[in-house]
Amino acid sequence: MVQSIDSPDRRAAIARQVLEALPDWFGIPESREAYIRDSRTRPFWADLEGDTVRGFLSLKETSPCAAELAVMGVLPEYHRQGIGRALFAAFRQYALDRGCLFLQVKTVQEGRYPAYDGTNAFYRSLGFRELECFPTLWDEANPCQLYVMALP
């Protein structure tokens, strides 16, 4: 069940648990720690089954009319069970309730790493569209693909 998490310490603990279990996506320690640190102060949802964490999503409000899916992770044993879609639905509703007109997400450009090819396909399946690729925003080995979505 997806629920909003208010406690900064709980947010960070959930983010750490999930991100450390996903080294193919969050294997750079400095980046992973930044996601964990930033999740303490941002709107945050977790998918919990009882006390078991299955995944989370944190957003960044980038302007009065836009929000970014800042970081999302689902534990590997729960992939392809609809948890990412449920987390996204909570994020989308939050953005709509605040009058956002656009959503965005950044990931590594498709064709670089198999794990990210699935990530790109997932974002497209949610309705995101490719806007631009920034070849050196993160570094040359990880070109940043920006996806956007207009909200009704």
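Biologist: Is R54 buried or exposed?

Modeller: This is a predicted model, in which local features need pLDDT of at least 70 and side-chain atom pairs count only at pLDDT 80 or more, while totals for chains, interfaces and linings use all residues. Residues are numbered from 1 along each chain as its sequence is written, and side-chain values use heavy atoms, with hydrogens and water left out. Buried means under 20% relative accessible area, exposed over 50% and partly exposed in between, with a 1.4 Å probe and protein chains only. Because R54 has a relative accessible area of 13%, R54 is buried.

Biologist: Which residue has a side chain joined to that of R54 by a polar contact?

Modeller: A polar contact is a pair of N or O atoms within 3.5 Å; within protein, one must be able to donate a hydrogen and the other to accept it, and residues adjacent in sequence count only if both atoms are side-chain atoms. At 2.7 Å, the side-chain partner of R54 is E49.

Biologist: Is G84 buried or exposed?

Modeller: Leaving aside neighbours within four places in sequence, G84 is in contact (heavy atoms within 4.5 Å) with M72, V74 and F122. The relative accessibility of G84 is 11%, and therefore G84 counts as buried.

Biologist: How far apart in space are G84 and R54, C-alpha to C-alpha?

Modeller: R54 touches M1, D47, E49, V74, L75, Y78 and I83, not counting residues up to four places away in sequence. G84 and R54 are 30 residues apart in sequence. In space, their C-alpha to C-alpha distance is 9.7 Å.
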